[in-house]
Amino acid sequence: MMIDVKMTVNGQERTASVAPETTLLTFLRDSLVLTGSKLGCDVGDCGACTVIVNGNAVNSCLMLAVQADGKDITTIEGLSDFEHLHPLQAVFEQMSSFQCGFCAPGMIISAKHLLDKNPHPSKGEVQEALSGNLCRCTGYTKIVDAILELTSEEASAA
Amino acid sequence: MSKKAKSATKTETIDGLKTAAEGAQLPSVSRIEEHSLLPLTPDANKQTPAVGQRTTRYDARPHLTGQTMYIDDMTFPNMLHMKILRSQHAHAKILSIDVSEAEKMPGVVATLTGREIPVNSYGPSYQDQPVIADDRVRHHGDPVAAVAAETEQLAKDALEKIKVEYEPIPAVFDPLEAMEEGSPKLHGETNVYASKVIKKGDAEQAFKDADLVLEKRFSTQMVEHVPMEPHASIAMWEADGNLKVYSSLGRITLGRADMARTLNMPMSRIRIIATIVGGNFGGKNEITSEPILALLSRKAGRPVKGVYTREDEFMSSTTRHPFIMDYKTGVTKDGRILGRTVRIVCDGGAYCSWSETTLGKGAILSVGPYNIDNIHVEAHAVYTNKTMTGAMRGFGAPQVCFAYESHMDDIAHELGLDPLEFRMMNAFGEESPSPTGQVLESVVVRESLETASERFGWKEWQK
Amino acid sequence: MRPFEFVAPETAEKAVAILAENSPNAKPLAGGTDMVVDLKHTNAVPKVVVDLNKIEEFRGIEMTDRGLRIGSLVTHTEIMEHPLVAEHAPAMIDAARTIGAVQTRNLGTLGGNLVTCVPSLDSGPVLVALDAEVTVVGNDGRRQMPLTEFFVGPRKTALNPDELLADIIVPTAMLGRATHFLKFGLRKGQALALVNGASSLRLDGGKVADARIALGAVAPVVIRAGKAEDLVNGTDADEAVLAEAGDLAAGECKPIDDFRASADYRRDLVRVLTKRTLETAYAIAKDKG
Ligand SMILES: Cc1cc2nc3c(=O)[nH]c(=O)nc-3n(C[C@H](O)[C@H](O)[C@H](O)COP(=O)(O)OP(=O)(O)OC[C@H]3O[C@@H](n4cnc5c(N)ncnc54)[C@H](O)[C@@H]3O)c2cc1C
């Protein structure tokens, strides 16, 4: 069985015919060749596949592509191009927050989702917002610090 | 290349090399003067200016924009996907494997069993691990067959059609039991496959001379690395008959050697292209499914990708060794350590992997960074019917560190001494000999203990 | 995942008709945080997956004459952010906040959590402590039942294969009741409960009345600690009473030994959680005067 879907991915309208058993993650990676979102655990624990669907950060490995029909999706590729970084990416780059980088796309999407909803989070709120994103290299410190540095910079600039 | 270029011989000096390079007029070596060929070793006790400076990682931007290509982000035309059938028994003889039903399934292109592997054994120390088990499985999760199919799901479906007949045999899970005579044996006559002994002075006499002798057993658990990126590789054969493997492997030269052995082909015909690794921590130090991918790719005549599932990762990749550690230490009333014995049993799981190396390092470090004249360390690595253990950050050091530092606290407590002072009293200093006699330089154990205790407010906390 | 057919009907009636037509080979899908994981790991995928997300009547949170109505498709995040829940049943927010992580809460629904019906389900205890009822839609119409009857066993509810959970109602009498929820997991984030529990109570002449102690993960389904409830009713919930209530509750549960914790440890947790949830619920009640 194939089902026609139409969705907006990173601002572009995409149409495709997908099998119902295709997850949104597989659809993004295999059909749209947006490989920034990663498959880490395949059961919603690690957050490497996090994307934003209609304003909500979700595990794209747990959503069917057909359920994303008609929705608006943002992946890591939609945040910036190589030269013009999103402020979050810029501060993560400056502070060398990541090592192997495999968790970075999901982590950044979760951080963006947090700042979209709450522009000045406390440290606890940052930690809470990232609790669905696992990183095995860093111990999270530099990731949390970078987000707080960005939001406090913005606070002092405002 | 210019005819004037000559090849370097051992006797040539750097100047000679420079002349040769100029002759060759290669732009890349014109900067030879800027880069000393001697390794840059900073003076001991002096920090290089780089320390403490913030720098930007050169790979940050591709990581942050999602553009870094890990193995699973790569596809090749006509590529197939591989899945591995794993044993559900901890210890069993394989009586037969029948892949015919799987092969008949639409979308299945090739299958592979252990008997088809040219040299079915590998390992960094001992070559005791089959690529795919052929006559016997030694832990739950041992590979028994593999399938390459058009999609991952088809490959997974095909695994169910493979019929394996097992004859379960008694298994052993406890390393201490595994050392006993009557225990089930995994390889050969004994389960003890590596032993290290370190002896210095007379520990037994030291215990007699001591005011207090303390004994305690410590044990640590198995730990999986859980890299965010599971093990992944893609194998394909090139037009010239050479094998090309894209891999998340950390040690590619060792990987090539193991591939050459198992595939029975010269190393020079195997090219491994290492990509950015999504977390290694020691768990991606040896080949896993690469020879399987290579052979399936040869059968199919198409590239084959294999990505471990998280289950594969937990069941079948290496883990950190559980250690059982018996400590005995003799001290004087005023806190001098006279002697220490340590007995380590390292649970190696079903195959050696890096256990031998781990055992050695663990044994040497097990005494701790303390001056002790009388030492007896005995360490054994033991096979059990569990997932194999291997390299993981620290190679045996974290296990013993947990034990000797806990032991130090216990002794200090017994003696009524401040645990920090007790350590300072016995800690290594400049030119202290290690348990194996190495004279140590640039020793800053006391300084770092002091600084650390100041920073976390040890004195105030003690009050 | 193995192939299946997919339909997304727009009404509950259509959905239950499809379920009946294909029974037992059809399964409803809400947020998918339990179901998609299951679909990935089973060889026996249903023939038809019936996506409920287009059924508008399963959405929304509103006040009705029976109480606070929460549609089965409401996500845990929606519960956390809704002013009516904050005003009338704030303990539901405390429970929702402990479920998985942001991503799970954005997808996962209250209905899905209740229908999955694992013993550790985190939305269970507060709703049991608030005497919640559920509405079930089937091909013969609708029926109402208390949540405690809806929970039948581990991963088993009173739903027939062709029935759907439509909504959850916190009865009017229970709104604004002093309630406290606690969960103990092995980590702060992304952990299933070793034990969770909620206590709710009101004051009658300054004394505890009508206490409800609900405990999760320590029996096949969420249970009430009846003996502990009887003990605290009519008291000032002082230290001694609370300690004894904890002991009684520990005796009333039947936890299991598993790789997460031993039964004894879970019983100890029950002792402490019962005491603390009662203590806080009592303080909240006092505060309200
Ligand atoms: C990483 C992770 C962490 C989690 N952590 C927690 C946690 O801490 N605490 C906790 O309690 N749970 C946890 N869960 C489980 C899960 O997220 C919740 O149970 C969630 O509420 C399920 O809702 P859903 O909408 O995703 O259900 P689905 O997966 O869509 O469905 C679950 C089941 O309910 C059925 N169903 C769904 N809606 C209806 C309906 N309206 N009528 C009839 N049947 C229906 C489905 O057929 C299916 O059998 C976690 C899950 C994940 C992946």
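Me: Which residues come nearest to the ligand, out of the 35 around it?

Reply: A residue counts as near a molecule if one of its heavy atoms lies within 4 Å of it. Of the 35 residues around the ligand here, those that come nearest are C:P28, C:T33, C:M35, C:T109 and C:D122, and the ligand itself lies between chains A and C. This is a predicted model, in which local features need pLDDT of at least 70 and side-chain atom pairs count only at pLDDT 80 or more, while totals for chains, interfaces and linings use all residues. Residues are numbered from 1 along each chain as its sequence is written, chains are lettered from A and ligands numbered from 1 in the order in which they are written, and side-chain values use heavy atoms, with hydrogens and water left out.

Me: Which elements each supply at least two residues of the shell around the ligand?

Reply: Helices (H or I, at least four residues) and strands (E, at least two) are DSSP runs, numbered from the N terminus. In chain C, the elements are β2 (26-29), α7 (110-116) and β10 (164-171), and α7(C) gives the most, with 4 residues.

Me: How many residues does each chain bring to the contact between A and C?

Reply: Contact means heavy atoms within 4.5 Å, and by that rule 29 residues come from chain A and 29 residues from chain C. Buried area is the accessible area (1.4 Å probe) that two parts lose on being put together, summed over both; for chain A and chain C this is about 2,200 Å², 58% of it on carbon and sulfur atoms. On the side of chain A, the residues that lose the most area to chain C are A:E21, A:L62 and A:Q67, together 27% of what that side buries.

Me: How many salt bridges join chain A and chain C?

Reply: A salt bridge is a side-chain nitrogen of Lys or Arg within 4 Å of a carboxyl oxygen of Asp or Glu. Between chain A and chain C the count is 3, including one in which the side chains of A:D42 and C:K40 meet at 2.6 Å, N to O.
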